[in-house]
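Let's take a friendly walk through a protein model. Have the sequence and the 3D view ready.

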Amino acid sequence: MKNLIAIIALLATFSAGARSLHPLTYVLKAELEDINLDQDSYLNNLTIYGGSVQIEQLKREVTLSFQVAPECPVGMMCAQVLRQHNITLPIVSQFTDRCNNTTYIAQRDLRPVDGAYQEITVTDHTLNRCPTFVALPETGITLKSQYFDRLNGNEVEANSSFTATKLKGRVLPVILPIK
């Protein structure tokens, strides 16, 4: 009987350890409330109905997701389903300032290979303890993108801003099989 209890305790330890090592274990997510797109942003060409921001802390990634309506030419039949447009970038920095605001900075620079520079900054203001003149949103998000326009011969920069609900954490109950 003692051996059986020891084996059960050992299996519980392994499953708890496996749960904490799963890449989707801890995720922060918030729904977008306000969307302010820059006039030079490529997102202006999309019909956006909503979205969310998701921070996967173990994978060190920030994903900005938009719900986009399909483009349907006049007189054609199209599926009435919103599709997802995701921007996923690796987190390069995370810090908490003196006002207790937590900021996550994710970026990718593909300009050396004729791509674009993209940066997502997510700031959680829910624990702010500094006085402000204007009420802060629960979550503030900025999307910065830069690329070189070869047709016009100049660099194009677009800065879009978003506000979102409170970042809520969730732990996914994942138990990996023991081998």
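What follows looks at some strands, a ring pair and a glutamate.

## Ground rules

This is a predicted model, where local features need pLDDT of at least 70 and side-chain atom pairs count only at pLDDT 80 or more, while totals for chains, interfaces and linings use all residues. Residues are numbered from 1 along each chain as its sequence is written, and side-chain values use heavy atoms, leaving out hydrogens and water.

## Strand β8 and its partners

Start with strand β8 (residues 154–164), which pairs with strand β1 (residues 26–36) in the antiparallel sense over four bridges. (Strands are DSSP runs of E, at least two residues, numbered from the N terminus; two of them pair if DSSP finds at least two bridges between them.) Here Leu-32 has Ala-164 of β8 as its bridge partner.

β8 also pairs with strand β7 (residues 139–149), again antiparallel, over eleven bridges. Ser-145 sits opposite Ala-158 in β8. Four residues lie between the strands of this hairpin, and Gly-153 takes a positive phi near 70° there.

## The ring pair

(Rings of Phe, Tyr and Trp, using its six-membered ring, pair if their centres lie within 6.5 Å; planes under 30 degrees apart are stacked, over 60 edge-to-face, the rest tilted.) Phe-66 is in strand β3 (residues 61–68) and Phe-162 in β8, 96 residues apart, so the pair links distant parts of the chain.

Phe-66 is buried at 0% relative accessible area, and Phe-162 is buried at 2%. (Buried means under 20%, exposed over 50%, partly exposed in between, with a 1.4 Å probe and protein chains only.)

## A buried glutamate

Glu-56 belongs to strand β2 (residues 48–56). Glu-56 counts as buried because its relative accessibility is 7%.
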